[in-house]
Amino acid sequence: MSDRMHCIPFRNLLDWVLGEWEESGSVFGCKKLYRAGGDGGLRPAPFMGRFLETPIGPAAGPNTQLAQNIAASYVCGGRMFELKTVQIIDGEDLHVSKPCILAEDEGYNCEWSTELTVQQAFEEYIKAWFLLHLLAKELSLGRQDGFVFNMSVGYDLAGIKSEKIDRFIEGLKDASGTEVWQECMDWALANLGKFQKVDEAYVKAVSPKVSASITESTLHGCPPDEIERIASYLLEKKHLHTFVKCNPTILGYETARSILDSMGYDYIAFDDHHFKEDLQYADAVPMFHRLQALADREGLEFGLKLSNTFPVDVKAGELPSEEMYMAGKSLFPLTPPMAAMMAKEFGGKLRLSYAGGADAFNIDKLFACGIW
């Protein structure tokens with residue numbers, strides 16, 4: 001198996017989907033499709049100028065790098081898509097050791113941003129956006145505006161303000177003038193005979209405004225003033241609804257160590273250096289109050305993503321690196337306490353986007369707490 005990702009042209013993706021659906025009644029292997037709006041289903045909720053038919057979907061990761069993965073998430077019920085993080089270092093300049101993921105029980109990885117170039121990532125997200133609109137109609141999965149794409153960018157202000165990343169951001173804010181958008185539009189219009197329910201008017205009504213929101217991702221050890229400068233820039237200059245990704249280290253070393261030990265994760269190894277270098281709670285709270293006030297003045301949403309992955313030591317050669325990033329169910333004991341701290345501080349009014357060990361056994365409780 002190749003360790004490189006290869007992007008599939010839009011026309012081939014559609015031929016694959018429509019052919020598989022006709023032959024086996026599945027889409028990318030998913031046979032049990034989620035159809036929004038049925039009896040007992042959730043009512044679509046207004047969200048950043050669109051609607052969310054469900055409050056769930058994939059966080060930024062390998063699963064949101066390629067258009068077909070996003071489509072697979074959609075047909076299974078995902079409606080909130082945090083796109084894989086892009087940064088100024090990309091493609092061949094970004095070396096990712098392989099294998100970079102271990103998910104035997106708790107999850108680990110040693111990769112950070114997309115393995116594609118920024119331009120390739122942009123094209124994948126446009127193809128995915130168009131593909132989801134066509135699937136929504138053709139397979140009666142939901143409304144045209146029933147899902148949301150959320151950008152993710154890192155890792156410093158200079159990189160985010162670069163021409164490469166700025167073009168990416170502006171292109172997702174309005175893709176109408178881009179080559180890949182026109183390619184998707186032209187192919188769909190030229191192949192209407194392949195569809196049963198999609199017509200010309202529907203295709204032409206697909207909105208080119210792919211994303212109006214963004215998640216700020218920073219590396220461990222990023223200074224508080226840099227985090228605030230980035231978020232302020234995204235709110236004021238880019239006029240985007242903005243989430244700031246928080247690290248579990250904000251809990252403090254003793255708290256994190258005690259929680260993991262009590263849950264049987266005493267074998268997970270880490271010291272206190274990230275806890276000392278990362279954003280501190282005493283600095284975070286006043287910063288988030290300032291950013292919330294700025295968002296209110298701009299008429300935008302501000303919130304936190306809880307949480308980032310948790311850096312731990314590679315002790316048994318699990319992955320080809322000295323440090324790896326923990327996610328999955330072992331992150332769950334750390335993330336609700338973070339959410340509780342922030343909810344209490346902001347009187348429950350701070351929007352929280354949650355990615356820390358949600359699964360079939362706890363997601364209803366997270367939703368009941370107001371976490372989306």
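Thr-54 is buried, with a relative accessible area of 5%. Buried means under 20% relative accessible area, exposed means over 50%, and partly exposed lies in between (1.4 Å probe, protein chains only). Thr-54 sits in the loop between strand 2 (50-52) and helix 2 (67-75). Helices (H or I, at least four residues) and strands (E, at least two) are DSSP runs, numbered from the N terminus. The model is predicted: local features need pLDDT of at least 70, side-chain atom pairs count only at pLDDT 80 or more, and totals for chains, interfaces and linings use all residues. Residues are numbered from 1 along each chain as its sequence is written, and side-chain values use heavy atoms, with hydrogens and water left out.

The side chain of Thr-54 reaches the backbone oxygen of Gly-77 at 2.8 Å. Leaving aside residues up to four places away in sequence, Thr-54 touches Tyr-34, Leu-42, Gly-77, Gly-78 and Arg-79. Contact here means heavy atoms within 4.5 Å.

Thr-85 is found in the loop between strand 3 (80-82) and strand 4 (101-102). A polar contact of 2.7 Å joins the side chains of Thr-85 and Ser-152. Such a contact is a pair of N or O atoms within 3.5 Å; within protein, one must be able to donate a hydrogen and the other to accept it, and residues adjacent in sequence count only if both atoms are side-chain atoms. Beyond four places in sequence, the residues that Thr-85 touches include Ser-152, Ser-217 and Lys-245.

Aromatic rings were examined next. Rings of Phe, Tyr and Trp (its six-membered ring) pair if their centres lie within 6.5 Å; planes under 30 degrees apart count as stacked, over 60 as edge-to-face and the rest as tilted. By this rule the count comes to 19 aromatic pairs. The ring centres of Phe-147 and Phe-149 are 6.1 Å apart and their planes stand at 50 degrees, so this pair is tilted. Phe-270 and Phe-275 also form a tilted pair, with 5.9 Å centre to centre and 35 degrees between the planes. Both Phe-270 and Phe-275 are buried. Phe-147 is buried at 0% relative accessibility, and Phe-149 is buried at 1%. Tyr-74, Phe-81, Trp-129, Phe-147 and Phe-149 form one aromatic cluster.

Charged residues followed. Side chains of opposite charge can pair when their charged atoms come close. A salt bridge is a side-chain nitrogen of Lys or Arg within 4 Å of a carboxyl oxygen of Asp or Glu. The structure holds 21 salt bridges. One of them joins the side chains of Lys-305 and Glu-82 (2.6 Å, N to O). Lys-305 lies in strand 9 (residues 302-306) and Glu-82 in strand 3, so the pair ties together parts that are 223 residues apart in sequence. Both Lys-305 and Glu-82 are buried.

Asp-90 forms a salt bridge with Lys-164, with the closest N and O atoms 3.1 Å apart. This pair links distant parts of the chain, 74 residues apart: Asp-90 is in the loop between strand 3 and strand 4, and Lys-164 is in helix 5 (residues 163-173). Asp-90 is buried at 9% relative accessibility, whereas Lys-164 is partly exposed at 25%.

Arg-229 and Glu-226 form a salt bridge, with the closest N and O atoms 2.8 Å apart. Both lie in helix 8 (residues 224-236), 3 residues apart, about one turn of the helix.
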